[in-house]
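User: I'd like to go through this one term by term. Can you walk me through what the labels rest on?

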Amino acid sequence: MGLFGRDRSDVVPAEPWPRVPVAPWSGGGATAEAVPVAVPSKRRPSAPGVVVTVPEGRSGVRLDELVRFLGDENAVLESTHGPTLYAVWTQAWPKRSATAVGDVLEGEAPGGLAFLGAAVDAPPTVVLRSAELESFRAWVASLPS
């Protein structure tokens, strides 16, 4: 410990996650990989996460936040690692909602998971529905926490 420094013995080194390799998921124009994502903490530099790649971008989210989102606890999932990417439930924005998201989801049937770029100025190129959405949910649920 230096003159003004702190004892850094409380810092936990990053553990590899997942410990056993997990095959990436793909479907509907999207891919997802299980990887650790950085967290703003001195005690814990990374957390289990998922990096999603769609034409609008590639970005990471914490696994615990993704699990809550897929459990319908939140209407929007904002990526926190990398370029901003939003995942939104299509039923969360009814027609004429007077929001940018509502405008780009105009005409989308409810029951889908749409991925939107940060600008939210164009319709999503990827909307997971039915079997693809269930496959993605099952893949996320199978990840070790």
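Here is a run of questions on the labels, each with its answer.

Analyst: Before we start, this is a predicted model: local features need pLDDT of at least 70, side-chain atom pairs count only at pLDDT 80 or more, and totals for chains, interfaces and linings use all residues. Residues are numbered from 1 along each chain as its sequence is written, and side-chain values use heavy atoms, with hydrogens and water left out.

User: What makes Val120 buried or exposed?

Analyst: Buried means under 20% relative accessible area, exposed means over 50%, and partly exposed is in between (1.4 Å probe, protein chains only). Val120 has 15%, so it is buried. Val120 sits in the loop between β7 and β8, where helices (H or I, at least four residues) and strands (E, at least two) are DSSP runs, numbered from the N terminus. Its phi is positive too, near 45 degrees, and this is a residue other than glycine.

User: And why is Ser130 called buried or exposed?

Analyst: Ser130 has a relative accessible area of 59%, so it counts as exposed. Ser130 is in helix α3 and, although not a glycine, has a positive phi of about 45 degrees.

User: What makes the pair of Phe69 and Trp89 stacked?

Analyst: Rings of Phe, Tyr and Trp (its six-membered ring) pair if their centres lie within 6.5 Å; planes under 30 degrees apart count as stacked, over 60 as edge-to-face and the rest as tilted. Here the centres are 5.0 Å apart and the planes are at 15 degrees, so Phe69 and Trp89 are a stacked pair. Both residues are buried. Phe69 belongs to helix α1 and Trp89 to strand β6, so the pair ties together parts that are 20 residues apart in sequence.

User: How many aromatic pairs does the structure hold?

Analyst: There are 3 aromatic pairs. Ring pairs also link Trp25, Phe136 and Trp139 into a cluster.

User: What is in the largest nonpolar core, and which residues touch the most other members?

Analyst: A nonpolar core is a set of buried Ala, Val, Leu, Ile, Met, Phe, Trp, Tyr and Cys residues joined through side-chain atoms within 4.5 Å. The largest one has 26 residues, and Val50, Leu66, Leu113, Phe136 and Trp139 touch the most other members. Elements that each supply at least two residues of this core include β2 (30–38), β3 (46–54), α1 (63–70) and α3 (130–142). A second, separate core of 8 residues includes Val88, Val101, Ala114 and Leu116.

User: What is Trp139 in contact with, leaving aside its neighbours within four places in sequence?

Analyst: Contact means heavy atoms within 4.5 Å. On that basis Trp139 is in contact with Val22, Ala23, Pro24, Trp25, Ala32, Glu33, Ala34 and Val50.

User: How do you know on which side of α1 its buried residues lie?

Analyst: The buried residues of α1 are Leu63, Leu66, Phe69 and Leu70. They cover an arc of only 120 degrees around the axis, which puts them on the same side of α1; the arc is that of the directions from the helix axis to the C-beta atoms. What covers them includes β3, β4 (57–62), β5 (76–78), β6, β7 and α3.

User: Why are β5 and β8 called edge strands?

Analyst: An open sheet of 4 strands runs in the order β5-β6-β7-β8, with antiparallel pairing. β5 and β8 each pair on one side only, and that makes them the edge strands. Within this sheet, β5 and β6 share 3 bridges, while β6 and β7 are joined by 5. In β7, Leu113 is the bridge partner of Trp89.

User: What makes β6 largely enclosed?

Analyst: 4 of the 5 residues of β6 are buried, so β6 is largely enclosed by the rest of the structure.

Note on methods: Two strands pair if DSSP finds at least two bridges between them.
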